[in-house]
Amino acid sequence: MTTITTRESTEDQAVGVKKSGGFTASAANYIDERTSISGAVKELGRKIFPDHWSFLLGEVALYSFVIILLSGSFLTFFFQASMAEVVYEGSYAPLKGIPMSAAMSSTMDISFDIRGGLLMRQVHHWAALLFVAAIGLHMLRIYFTGAFRKPRELNWVIGFILFILAMAEGFTGYSLPDDLLSGNGLRIIDGLVKGIPVVGTWTSFLLFGGEFPGTDIVGRLYSLHILLLPAIIVALIAMHLLFVVVHKHTQYPAAGHTNQNVVGYPVLPVYAAKAGGFFFIVFGVVMLIASLFTINPIWNYGPYDPSPVSAGTQPDWYIGFADGAMRLIPPGWEFVWLNHTYSLNIVVVLAVVGLFIVTVMIYPFIEAWITGDKREHHVLDRPRNAPTRTAIGAAGVTFYASLWAAASSDIMATHFHLTMEGVIHTLQATTLLGPFLAFFIAKRVCLALQKKDREIVLHGYESGRIVRLPGGEFVEVHQPVDEYERWKLVSYSDFKPLMLRPNAQGKIGPAEKVRAGLSRWFFEDRITPVTQTELDHAHGDHPAEITDK
Amino acid sequence: MTTIKTPRARRARKAGRRHPLASVALIAIGLLFTGGAYAAFSTSTAIATTDASSQQTIAQGEKLFAANCATCHGLSAQGSSEGPSLIGVGAASVDFQVGTGRMPMQMQGPQAQKKPVQFTAEQTAALAAYVASLAPGPAIPAAELLDSAGDSANGAELFRINCAMCHNVAGAGGALTEGKFAPAIENVSAQHIYEAMITGPQNMPVFNDMNITPEDKRDIITYLKYVEDNPSPGGLALGSLGPVAEGLFIWIFGLGAIVALTVWITAKSN
């Protein structure tokens, strides 16, 4: 059961310090007298966290990051971020005597000649995939439950920047071994950069220190990968967590859950123990995966050479949507003007993907502007109770998923015996039309679920029992919903579309008109929560529901 | 060039070299040499085909051909609208197509697919002998080229440069246009790999002996057999498909397991 916080645990400790003079007590006292840490422990230890599985997804991301830091530190002991050419003389026979960069050679050594090196590489890489995946799922949870609303908008932005930085970390790491796959990935980035009008070529030369691939890029990416990006990520994670503490955790609607309280366990001792244990569980899962499944077998790919490209060359999953976006562009989107080639196939991808990313990042502000809602929200929305938001989310997920799937178009073609063209054309259609379809379906499903909830609150569950009344009438006995359940079903805020009101000068500006239009679009179709009056009436109308028990 | 020391002779040479027809003669000589060398090469690959098979085997092959292949390839292997001519494709081609079960073809499609082999080794050899008897073509490779004892590092490099763009670096296969595909090369015999290289079945280009020497082909086979015989050092290879398989795995099994554990951790005790 969930409990409201109590002070017992911390007070017990405080009393214990004075009474018994054991080692723990005196050590704690020693530290407290010099750091005054008991204040912080008291404050944080009594912090309440609600318990729900979906609240642990962010923790999974955090723990994956810790695993990445640990395994990554190990790898830096042996990795050489240099593109100086060496001849591989390690233990993997099919690469013996092949010239390659020191980066590739040292990664081969980590994989084959350093004890535990391959395991650490695989732990690092699998944890990186899990890191971004957990962030993604965490973001979806935040979005669909409306946890980004005031006062948490800034924390959404911070979290989203962390997501972008995680992708950047992933990509720079993917490029470090200087194997064929990473080189191909960099070549695509080089092409993307060069496709930017006017500054593209210059930027590419700046990035690679001359013509691609040059001899600088691995060293530069290494600095970003192990120094700059992790430092920013750590700082932002700290801010992210600080905000969680400052704002208090959100909770799902349930009996007794209000915007003024938090129902759950205190951090000390229960939640801390659970969270601490959970770290080791996540670590264990990553270890298990890393010890059983190969990831990024650079020995197959061989050293980078600009001429070969392997079939099935893809980026890691989180860059897939960008790769897929480029695969979906029809051929021939280029033109020459004033002796310069303009690559719309690249510019359009950059624009669309960029717009998508920015929209997601500032979504909390967009929604707040449309709804005009300036209240604080600490109780989450059930996705069905915000149909338009849920529908927008479904559309966004469909759009992203179509781009993402397109990155594996060739694998889908071979494994499902389809034509590559068929796969691409289908995904082009789902990218353009799918979001609209998803929006419509999701919104209707939400409204239908809301109607069902309303029905349940007013009339209870169908029991399947048919009773014949003395007058000869047949009625089905409904099982009324219990009060706890009813709380969950009726406690959501109702919105009405904004009214257009003239400002102080008595004018209605165009921005206000747009806003009112969007607000109408947002809230036009809605199911209002059941009111007390309706509830009383409903029970009055159906005496059979309550009398028969 | 030969050099003759006497001034007189040198003068005569000079005059000869500047003769108006000298360049024409030079081109003629050059063409003669390259053409001759090419002819010598292509016949040398064809020689082995016919002499190994007796007339009896060829006759048996002809009967099998008439019964199983002629519907599409024509009664004398001249080809039809349903199938190409087999004159000059050589024994290697027949051994590959029939020996891997691709022929007789199950159905028309983007390309012939592997299926259980329909003929015995003896019958396949007879068919090969018959087709080889029609015209010279690539022969079934000698055993010493198939022993997988070459230089795997050289083979791996050649494979990455020449083969990996369709077949994937680990030979896991890949997609081509319009439903065609490069099949996976796991568990394909050395002989069939070699034959595929010299005959270019389906959509595969021919890698003849001047493009990739027989020694190099042996190295490539050595590499492929190395990959096949040595399991991935990192554990299960997930089909060697690269990041797509890895991404799918982490989302379904990695994150799936983690979510199951979060549900377990937050479950209320009864």
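Colleague: What conventions apply to the numbering and to the values?

Modeller: Residues are numbered from 1 along each chain as its sequence is written, and chains are lettered from A and ligands numbered from 1 in the order in which they are written. The model is predicted, so local features need pLDDT of at least 70 and side-chain atom pairs count only at pLDDT 80 or more, while totals for chains, interfaces and linings use all residues; side-chain values use heavy atoms, with hydrogens and water left out.

Colleague: How do you know which residues of chain B and chain A are in contact?

Modeller: Contact means heavy atoms within 4.5 Å, and by that criterion 52 residues of chain B are in contact with 66 residues of chain A.

Colleague: What is the area buried between chain B and chain A, and which atoms give it?

Modeller: Buried area is the accessible area, with a 1.4 Å probe, that two parts lose on being put together, summed over both. On that basis about 4700 Å² is buried between chain B and chain A, and carbon and sulfur atoms give 72% of this area. Under the salt-bridge rule, 0 salt bridges are found across this interface. The polar-contact rule, in turn, finds 13 residue pairs there, both residues at pLDDT 80 or more; a polar contact is a pair of N or O atoms within 3.5 Å, where within protein one must be able to donate a hydrogen and the other to accept it, and residues adjacent in sequence count only if both atoms are side-chain atoms. The elements of chain B that give two or more residues to the side touching chain A are α7 (152–162), α8 (164–167), β1 (174–175), α10 (214–229) and α11 (243–266). Of these, α11(B) gives the most, with 17 residues.

Colleague: What makes the residues on the side of chain B that touches chain A nonpolar, polar or charged?

Modeller: Ala, Val, Leu, Ile, Met, Phe, Trp, Tyr, Cys and Pro count as nonpolar, Asp, Glu, Lys and Arg as charged, and the others, Gly among them, as polar. Sorted in this way, the side of chain B that touches chain A has 30 nonpolar, 17 polar and 5 charged residues.

Colleague: How do you know the helix content of residues 248–267 of chain B?

Modeller: Helices (H or I, at least four residues) and strands (E, at least two) are DSSP runs, numbered from the N terminus. Residues 248–267 of chain B are 95% helix and 0% strand, with end C-alpha atoms 27 Å apart. UniProt, in an unreviewed entry, lists these residues as "transmembrane region"; such annotations may be inferred rather than shown by experiment, and their positions are given here in the numbering used, with feature names shortened. In chain A, where the UniProt annotation "transmembrane region" (unreviewed entry) includes residues 222–246, that span is 100% helix and 0% strand, and its end C-alpha atoms are 35 Å apart.

Colleague: Which domains is chain B divided into, and what lies between them?

Modeller: The bounds come from an automatic or database domain assignment, which divides chain B into domain 1 (52–138) and domain 2 (147–230). Their centres, taken over C-alpha atoms, are separated by 23 Å, and 15 residues of domain 1 are in contact with 16 residues of domain 2. The area buried between these domains of chain B is about 1200 Å², of which carbon and sulfur atoms give 55%. B:F96, B:P110 and B:Q111 supply 44% of the area that domain 1 buries against domain 2, more than any other three residues. Across the interface of these two domains the rules find 0 salt bridges and 5 residue pairs in polar contact, both at pLDDT 80 or more.

Colleague: Which domains is chain A divided into?

Modeller: Chain A is divided into domain 1 (42–381) and domain 2 (457–541), and 42 Å separate their centres, taken over C-alpha atoms.

Terms used
A salt bridge is a side-chain nitrogen of Lys or Arg within 4 Å of a carboxyl oxygen of Asp or Glu.
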